[in-house]
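Reader: I would like to go through this structure feature by feature. Please give the general idea before each case.

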Amino acid sequence: MIAAIKPAGANTRGLLAYLYGPGRHDEHTDPHIVAGFALLGMPDPGRDENATLTQLARYLDEPVRLRNSEFGKKVTDHVWHCPVRAAPEDHHLSDTEWAEIAQRIVEAAGIAPAGDDLACRWIAVRHADDHIHILATTVREDGRRPKLHDSGLRVGDACRQIEKDYGLRQLRKGDRSAGRRPTQAEMHKADRLGWEQTSRDWLQDRIRSAIPHASSAEELLAYLEADDVLVKPRRGPSGDLLGYAVGRPGDLNKDGEQIFHSGGKIAPDLTLPKLRARLEATAPEEHPTARRNRPTTPWHQATEALDTLHAGMGDDTHAQAHVTALGDLIEATAQKAPAHLRAQLRSASQAFGRAQRSQIRADSRAAHALRGAARDIAHSATGPDGSALAALLAALVWATIVAARWHEAQNHAHQADAAQRTLSYLQAVADTALTPVLTELGRHQPRDRARTLLANDVRAAVPDQADRILTDPAWPALATVLADTEARGHKPHQLLREAAAQRELTTARQPARVLIARIQHTGRHPAPNRRAEAARRRSAVAGSIPVQQERNDYLLVATTSPAEQQNRQRR
């Protein structure tokens, strides 16, 4: 059950005309009052032909007129409107049941608290089987205004309880981190102009597409301007950026003026302070060894950054930062992936937008590796090869599973659902990307004797999942990968054990495919030759002896007097 409180209005008579009228598409049938405030003493205009809408409007507005006549400042935002709709699959509710539901909602909202005889005047009108409209005037009988702060949260909680009590479809509880839904006016305008998206949805997609490219708020605004988004920055006297608003070209008001939307009105996580915390967090100092061992391509860098995601989910502020950065990485991948995969990756990125934000404040410094990987991919000039893309997509699938589990543990119902929707898109893309890789590997299968030995390695390394792996249709391709890595000096059973440790295989649909992507990534380089490494160290030590001797001789000369130096030369 959804109760959607509308913005406050000023025309009671106009709203009644809509509720009792035929509707925009003649969808209103038998409009009538099912419930109302205790003092309502008028006949129902939908049941009594002698009653008029004007009379009903005046009766509802009576406390408003009295207050306006006594106080200098008039009340003009007094019309409270809340449609309440049941789900299509819910059973039919009678007028009596709808009346009880309406009473519970106005009590929860603060319009008419239980036992309050001086509450606001209200009615509930039913003109369809599946919903009612509650109309109230927000001036109490004693002239005071009702306390409606956070009424949406209270009404939402009441709806969740109503669903349980009446056996209706149960929706998930919100946490105030969702974006605003498009209004009817916005949807009609988009349809009239031939736009596939409303302006705010279009702007949100543009901002999220720009985030992986930027390392500061100023860079983000510059990128948006280059992407044909109209930007209106708000700056202080010193020129510092204090806020911003964006507009869609061609989105004009009735006076022909450009309409701008602030970031916070587009989505809660797109305010300037939150974008700054996300983009401008200082990365910790990197050890020189880490720079030397960094993978050569951004695609491999991203895969290795995702390998550490699970370890960073213990602290909630770190976990939220990683989940947010994961969304940026999915978006960057969608922009640079091969053309035939971009549509589904874009759908995955849009779905994950809801999973990126929650009420937990993120420590963005914790996710610097993921954010850096997303930025490097967004700035890369070339796309990935097949095996690198397959490894990254497999890592994104696992990371999304980790994010969904974290949201579930935090009772973030809507975010967990969004992560699950994202997972379905990513799994489909990963399967598509891995298909040509499997085909190519299938052409170079090792011989039967080698496959038997490799199967023994599988049983030794991952005994719990060995049967599933060896019966997976992708097992011949996995055997090829293991044989190739063994030829490069790696030990197959060790690679299998490491890959299984990085991503548990119990929930994997096709474990052999998961292992192929992981092992191709970790075993892409030749294994280090221990004998050559030992010889190199011996050579380095031997070469350093003359240098050390020369340094000692220099120190000896520098610290002795000229007379002592002459005596040493004579000796």
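Author: Begin with burial: buried means under 20% relative accessible area, exposed over 50%, and partly exposed in between, with a 1.4 Å probe and protein chains only. His28 has a relative accessible area of 10%, so it is buried. This is a predicted model, in which local features need pLDDT of at least 70, side-chain atom pairs count only at pLDDT 80 or more, and totals for chains, interfaces and linings use all residues. Residues are numbered from 1 along each chain as its sequence is written, and side-chain values use heavy atoms, with hydrogens and water left out.

Reader: Where is His28 placed, and what does His28 touch?

Author: Contact means heavy atoms within 4.5 Å. Helices (H or I, at least four residues) and strands (E, at least two) are DSSP runs, numbered from the N terminus. His28 is in the loop between α1 (12-20) and β2 (32-36). Leaving aside residues up to four places away in sequence, His28 touches Tyr18, Leu19, Gly21, Pro22, Gly23 and His127.

Reader: Which backbone atom of Gly23 does the side chain of His28 reach?

Author: A polar contact is a pair of N or O atoms within 3.5 Å; within protein, one must be able to donate a hydrogen and the other to accept it, and residues adjacent in sequence count only if both atoms are side-chain atoms. The His28 side chain reaches the backbone nitrogen of Gly23 at 3.4 Å. A polar atom of that side chain also lies 3.0 Å from the backbone oxygen of Gly21.

Reader: How far apart are the end C-alpha atoms of helix α19?

Author: The expected span of a helix is 1.5 Å times one less than its number of residues. Helix α19 (residues 475-487) has 13 residues and should span 18 Å; its end C-alpha atoms are 18 Å apart, which agrees. Its buried residues are Trp475, Ala477, Leu478, Ala479, Thr480, Val481, Leu482 and Thr485. Among the elements covering them are α16 (413-442) and α21 (511-522).

Reader: Is Arg518 buried or exposed?

Author: Arg518, in helix α21, is buried, with a relative accessible area of 4%. Beyond residues up to four places away in sequence, Arg518 touches Thr303, Asp307, Ala395, Ala499 and Gln502.

Reader: Over which residues does the pLDDT stay under 50?

Author: pLDDT is the predictor's confidence in each residue, from 0 to 100. The protein chain averages 86, and 88% of the residues score at least 70. Residues 289-293 stay under 50, and the model has two contacts for them beyond four places in sequence.
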